[in-house]
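This report concerns a ligand site and the pocket around it.

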Amino acid sequence: MKLISPSILAADFGNLQRDIEMLNNSQADWFHVDVMDGRFVPNISFGFPVMKVVKQHAKKFVDVHLMIVEPEKYVEEFIKLGADLVSVHYEACTHLHRTIDLIQSTGAKAGVVLNPATPVLMLEDIIADVDLILLMSVNPGFGGQKFIENTYKKIRETKDLILNNNSTALIEIDGGVNLDNAAKLFDAGADVLVAGNAVFSSENPERTIELLKI
Ligand code: DX5
Ligand code: ZN
């Protein structure tokens with residue numbers, strides 16, 4: 001699968017509706033919504049009000065990435081507001097299995113996110129139960145950072161884990177994705193690429209989304 005999930009974090013918040021419409025008319029597959037709390041990550045982005053606006057206008061699958069402590073307290077509200085998939089960090093969940101269960105019990109899809117320094121083997125006992133694995137290819141907290149090359153190794157390890165466990169989980173990559181590494185990431189086994197600055201800082205975002213899929 002070759003899906004592109006542009007990150008709203010890099011959009012122009014003064015013209016959010018315009019940017020969402022641009023994505024509706026583009027070949028983008030999903031909307032990536034980055035929620036940061038200033039505790040799990042050293043930055044604060046946005047929460048429910050922005051999520052509401054995204055859902056009001058977005059005509060595609062909404063992929064919510066929670067970079068917050070105690071995500072189990074908020075997943076139901078994000079799903080109520082229209083999240084189709086909610087991903088929580090392995091590093092932020094004391095009872096990960098319970099949180100995945102909670103997300104899926106509502107009918108939404110559930111993903112687990114690994115920071116760059118968290119080994120793929122930590123997924124061994126949850127891989128059969130999740131819909132998506134999100135591998136961070138930068139340290140979470142900010143858009144526009146440099147891609148970490150070790151991600152290719154982690155994609156291959158995740159792919160092996162998925163195959164060995166008859167899992168149907170998709171592999172999503174987030175951080176520093178651009179026109180130079182997108183094809184290589186898909187070749188390595190990624191299914192979904194998040195792209196923030198590569199899309200929104202380009203002269204022609206719609207064309208860039210097309211090119212990211214080639
Ligand atoms: C980073 C966020 C990313 C970010 C990606 O903490 O999770 O989704 O918006 O931005 P780029 O593509 O600019 O690295
Ligand atoms: Zn993200």
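## Basis

This is a predicted model, in which local features need pLDDT of at least 70 and side-chain atom pairs count only at pLDDT 80 or more, while totals for chains, interfaces and linings use all residues. Residues are numbered from 1 along each chain as its sequence is written, chains are lettered from A and ligands numbered from 1 in the order in which they are written, and side-chain values use heavy atoms, with hydrogens and water left out.

## Shell around ligand 1

Ligand 1 is surrounded by 20 residues, each with a heavy atom within 4 Å of the ligand. The closest are Asp34, Gly141, Asp174, Gly196 and Asn197. By class, the shell holds 8 nonpolar, 10 polar and 2 charged residues; Gly counts as polar here.

## Polar contacts and burial

Polar contacts are pairs of N or O atoms within 3.5 Å. A polar backbone atom of Gly141 is 2.7 Å from an oxygen atom of ligand 1. For Gly196, a polar backbone atom is 2.8 Å from an oxygen atom of the ligand. Asn197 contributes through its side chain, where an N or O atom is 2.8 Å from a ligand oxygen atom.

Taken alone, ligand 1 exposes 390 Å², and the protein buries 98% of that (Shrake-Rupley method, 1.4 Å probe).

## Pocket

Ligand 1 takes the space of the largest pocket; to sit there, more than half of its atoms must lie within 2 Å of the grid points. A pocket is an open set of points on a 1 Å grid over the protein atoms alone, where a 1.4 Å probe fits, with protein on both sides within 12 Å along at least five of seven lines. Its volume is about 310 Å³.

The lining has 27 residues, each with an atom within 4 Å of a point. Strand E2 supplies the largest share of this lining, 3 residues.

Key
A polar contact is a pair of N or O atoms within 3.5 Å; within protein, one must be able to donate a hydrogen and the other to accept it, and residues adjacent in sequence count only if both atoms are side-chain atoms. Grid points are joined across faces, edges and corners, and a volume is the space filled by probe spheres set on the points. Helices (H or I, at least four residues) and strands (E, at least two) are DSSP runs, numbered from the N terminus.
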